[in-house]
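Please open the model in your viewer and keep the selection panel at hand. The tour below moves from one selection to the next and says what is found at each stop.

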Amino acid sequence: MLRRRVIPCLDVNGGRVVKGTRFVDLTDEGDPPQLAARYAAEGADEIVFLDIGAAPEGRGTLLEIVERTARRAFIPLTVGGGVRSVEEMRDVLRAGADKVSLNTAAVADPDLIARCAARFGRQAVVVAIDARRVGVTDDDPGQAELEIRDAAWEVLVRGGRDVTGLDAVAWAERAVALGAGELLVTSIDRDGTQAGFDTALLRAISSRVRVPVIASGGAAGPADFVAAIVEGGADAVLAASIFHRRIHSIADVKAAMAAAGLPIRLVPASVP
Amino acid sequence: MSPLRVALVDYGAGNLVSIGQALTVVGAEVALIGDGRDLAGAEALVVPGVGAAAPAMARLHERGLVEPIRRWIVDGRPYLGICLGLQLLFSASEEDGAATFGVLPGRTVELADAPTLPHIGWNQVIRRREHPLFAGIGAAADFYFVHSYAGRPDPEAASAVLADTVHGGSFVSAIARGPLLGVQFHPERSGPDGLRLIANFVAFARDLARAAA
């Protein structure tokens, strides 16, 4: 049976892993290859590596870090940030990524998704969607009772800086129709807040697409990961700060998932 | 004992860093090969790859690799196909109608009744029989998959099936017929068990190659 994945996310800026709250106020969390190797040993099912800056350090530096990371961690690596063309995706795959995540460039040029899927197969194309609730704020006391049909989310790009006017659920369906093989759905309202995943957003999207959905933004404790899967319909759960800061281990999260009856991968003890 | 010389086929399809690194870590000497002439001197062949069959076959043709790879297989030399490198062994792919190597009777078909597609993540590889490729690995160990299609052997090739995996329906996730090995999952991305499988392939290929020499 297919296992539900636990994925640490490395947000990389200037060659270092950083973490912010709602995409700002960045703090330094360590060296990307070193953290990736640590997470692989601790039982991570995959690593997501996002170049969150406007790549001011240059594409060459990023590719070099991707390659060093790929050589250290014998688990899958998804890389995103600043990929705007089939050629750039090819370079990132050649550097050692297994999948490439498209975000801002896909919104600006949706056909990019189709071109990348035609060249590399849709299983290699992840579309990342950064979504923010519209109409209600995250602090609304009545929000939990909202029906899904009453909630709406808009897509933001450029690391949460620009509003697009796109409806997140409609964009998710279009991205899949164009060739996305997986969706990485981040709630900007919840990112870094430790208020839990936006399970309504996840459910709204996972109920409309057949591709796997990765939940992102807001993880605080193991129960949140279980909720993202059980309530949100996610196939995988992603988090950053709680793992970087050792607030919870990957093993803690997997233990909670197993206790909730979810299929997980137990990690073999040693490398031969 | 000198390291096994492994030719790793490079036809511009995906991540070669991981499989190259994994082979190196288990003690093989890896040469990336971009055309058929480069196969001279190799003792084992590894064909990786992700994505669709038609563009992959087109690139293999462009580089003059199709006939040398087919000859390698027909000559009974050690071969490990990973993901697309397994699917290419069958005669054709239903994904885009591509004609593939045709050394195993069967076709590549979309996963039936899959609850999510592509099938992405770790899943159990359930063995039908013992084989040196899986020495020291549990009978239903988890490996990493990322694909939408899988090879479906014809009934006369059923004896080549080594393992199955369930995602909705059941599909063939590993084959072995003599020196011809193929896995639908990515051992180079499957942690300690994946590295053990690659080490097992290198040992298996070394025994074969050096017995033949």
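The stops that follow go from whole chains to a helix pair and then to charged side chains.

**Before selecting anything**

This is a predicted model, in which local features need pLDDT of at least 70 and side-chain atom pairs count only at pLDDT 80 or more, while totals for chains, interfaces and linings use all residues. Residues are numbered from 1 along each chain as its sequence is written, chains are lettered from A and ligands numbered from 1 in the order in which they are written, and side-chain values use heavy atoms, with hydrogens and water left out. The model scores ipTM 0.94 and pTM 0.93.

**Stop 1: chain A as a whole**

Of its 272 residues, 58% count as buried, where buried means under 20% relative accessible area, exposed over 50% and partly exposed in between, with a 1.4 Å probe and protein chains only. Taking contacts (heavy atoms within 4.5 Å) in chain A between residues at least 6 apart in sequence, 66% join residues at least 24 apart.

**Stop 2: two helices of chain B**

Next select helix α1 (residues 17-25) of chain B together with α5(B), whose axes come within 9 Å and cross at roughly 65 degrees; the axes are lines fitted to C-alpha atoms over the stretch in contact, and angles run from 0 to 180 degrees between N-to-C directions. Show the side chains of B:I19, B:A22 and B:L23 in α1(B), which meet B:L195, B:I198 and B:V202 in α5(B). The residues of this contact divide into 6 nonpolar, no polar and no charged, with Ala, Val, Leu, Ile, Met, Phe, Trp, Tyr, Cys and Pro counted as nonpolar, Asp, Glu, Lys and Arg as charged, and the others, Gly among them, as polar.

Now centre on B:A22, which is buried, with a relative accessible area of 0%. Leaving aside residues up to four places away in sequence, B:A22 touches A:F74, B:E188, B:L195 and B:I198.

**Stop 3: salt bridges**

A search of the whole structure finds 30 salt bridges over all chains, each being a side-chain nitrogen of Lys or Arg within 4 Å of a carboxyl oxygen of Asp or Glu.

Select B:R189 and A:D98, whose side chains meet in a salt bridge at 2.7 Å, N to O. B:R189 lies in the loop between β12 (180-183) and α5 (191-212) of chain B, and A:D98 in the loop between α3 (86-94) and β6 (99-102) of chain A, so the pair joins two chains. Both B:R189 and A:D98 are buried.

Move on to B:R210 and B:E43, which form a salt bridge at 3.0 Å, N to O. B:R210 is in helix α5 of chain B and B:E43 in the loop between β2 (29-33) and β3 (44-47), 167 residues apart. At 27% relative accessibility B:R210 counts as partly exposed, whereas B:E43, at 11%, counts as buried.

Finish in chain A by selecting A:R5, A:E46, A:K99 and A:E182, which are linked in a network of salt bridges.

How values were computed. Helix = DSSP H or I, 4+ residues; strand = E, 2+ residues; numbered from the N terminus.
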